[in-house]
Amino acid sequence: AVGMFHLITHAFFKALLFMGAGSVIHGCQEEQDIRKMGGIRKYMPITFATYAVGMLALAGFPLLFSGFWSKDEILHAAHGWPVSHVPFYLGVAGAFLTAFYMTRQVALVFLGPNRSRAWESADHSHARGNPPTHVGGKDKGAPHESPAVMTWPLIILATCAIVLGFIGTPMWPWFQSFLGQEHGEGLTTGVVALMVVSSLIVFAGIGVGWWLYGRKPIQR
């Protein structure tokens with residue numbers, strides 16, 4: 001049941017991240033090099049907000065996102081494995097690295113200054129009332145939000161990435177009951193302690209990622 005719960009929650013927020021990446025590529029004139037992005041939050045607010053939800057769910061940000069509850073159950077099961085604690089420590093390391101690299105990605109793509117001279121030129125050109133420049137027959141204007149046919153699925157997946165986590169919490173293990181599995185220990189002292197440790201690991205990964213890439217954004 002633990003693996004199935006994470007499989008379900010992971011399917012939604014991973015699909016959200018893949019679709020969000022596609023929305024970024026579409027809105028950035030097919031650009032795929034994140035070193036040439038930066039600062040596109042102001043151009044693509046819906047994509048940014050939904051992608052941030054996917055990032056926090058994948059990182060396992062505590063309480064509000066489904067990835068926290070399903071990942072926490074896996075860590076709890078690994079910690080209780082009588083054979084070895086090695087899988088638990090590997091899971092802890094993976095949780096830290098996931099929070100770190102997802103923070104790095106969001107900082108490079110959505111935050112900080114824009115690192116594309118083509119987009120900067122387009123912004124200045126639009127400010128003067130000139131049409132966008134053409135390179136290779138294609139408009140090389142500033143990034144733009146994706147159409148509703150792309151943003152509505154992002155909104156739906158982001159909603160699921162939040163609310164689906166609550167069907168398998170220790171307080172309401174509906175998903176485990178649906179599969180006919182045991183409900184586990186509930187919200188015991190040991191479970192709460194592991195939740196605190198898991199949260200600290202996520203905060204550490206996000207903090208290190210922000211310190212290296214968000215606090216002082218990479219320039220051109």
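Q: What pattern does the protein chain follow when read along the sequence?
A: In this predicted model, the secondary structure of the protein chain comprises eight helices and two strands. Taken in sequence order, these elements give the pattern α-α-α-α-α-β-β-α-α-α.

Q: Is Pro143 buried or exposed?
A: Pro143 lies in the loop between β2 (138–139) and α6. Its relative accessible area is 6%, and the cut-off for a buried residue is under 20%. Pro143 therefore counts as buried.

Q: Which residues of the largest nonpolar core touch the most other members?
A: The largest nonpolar core holds 35 residues. Helices α1 (2–27), α2 (45–59), α4 (86–110), α6 (148–163) and α8 each supply at least two residues of this core. Apart from it lies another core of eight residues, including Phe68 and Val191. In the largest core, the members that touch the most others are Leu16, Val24, Ile40 and Phe110.

Q: With which residues is Val24 in contact, leaving aside its neighbours within four places in sequence?
A: Val24 belongs to the largest nonpolar core. Once its neighbours within four places in sequence are set aside, the contacts of Val24 are Met37, Ile40, Met44, Thr47, Val109 and Phe110.

Q: Against which helices do the buried residues of α8 pack?
A: Helix α8 has 26 residues and reaches 35 Å from its first C-alpha to its last, close to the 38 Å expected. Its buried residues include Val191, Leu194, Ile201 and Tyr213. The helices against which the buried residues of α8 pack are α2, α3 (66–79) and α4.

Q: Is Phe203 buried, partly exposed or exposed?
A: Phe203 is found in helix α8 (residues 189–214). Together with Val192, Val196 and Leu200, Phe203 makes a nonpolar surface patch of about 350 Å². Because its relative accessibility is 41%, Phe203 counts as partly exposed.

Methods:
Residues are numbered from 1 along each chain as its sequence is written. This is a predicted model: local features need pLDDT of at least 70, side-chain atom pairs count only at pLDDT 80 or more; totals for chains, interfaces and linings use all residues. Side-chain values use heavy atoms; hydrogens and water are left out. Helices (H or I, at least four residues) and strands (E, at least two) are DSSP runs, numbered from the N terminus. Patches are made of residues with over 30% relative accessible area and no salt bridge: like charges are joined within 9 Å, nonpolar side chains (Val, Leu, Ile, Met, Phe, Trp, Tyr) within 5 Å. Accessible areas come from the Shrake-Rupley method with a 1.4 Å probe; for residues, only the protein chains shown count as cover. A salt bridge is a side-chain nitrogen of Lys or Arg within 4 Å of a carboxyl oxygen of Asp or Glu. Buried means under 20% relative accessible area, exposed over 50%, partly exposed in between (1.4 Å probe, protein chains only). A nonpolar core is a set of buried Ala, Val, Leu, Ile, Met, Phe, Trp, Tyr and Cys residues joined through side-chain atoms within 4.5 Å. Contact means heavy atoms within 4.5 Å. The expected span of a helix is 1.5 Å times one less than its number of residues.
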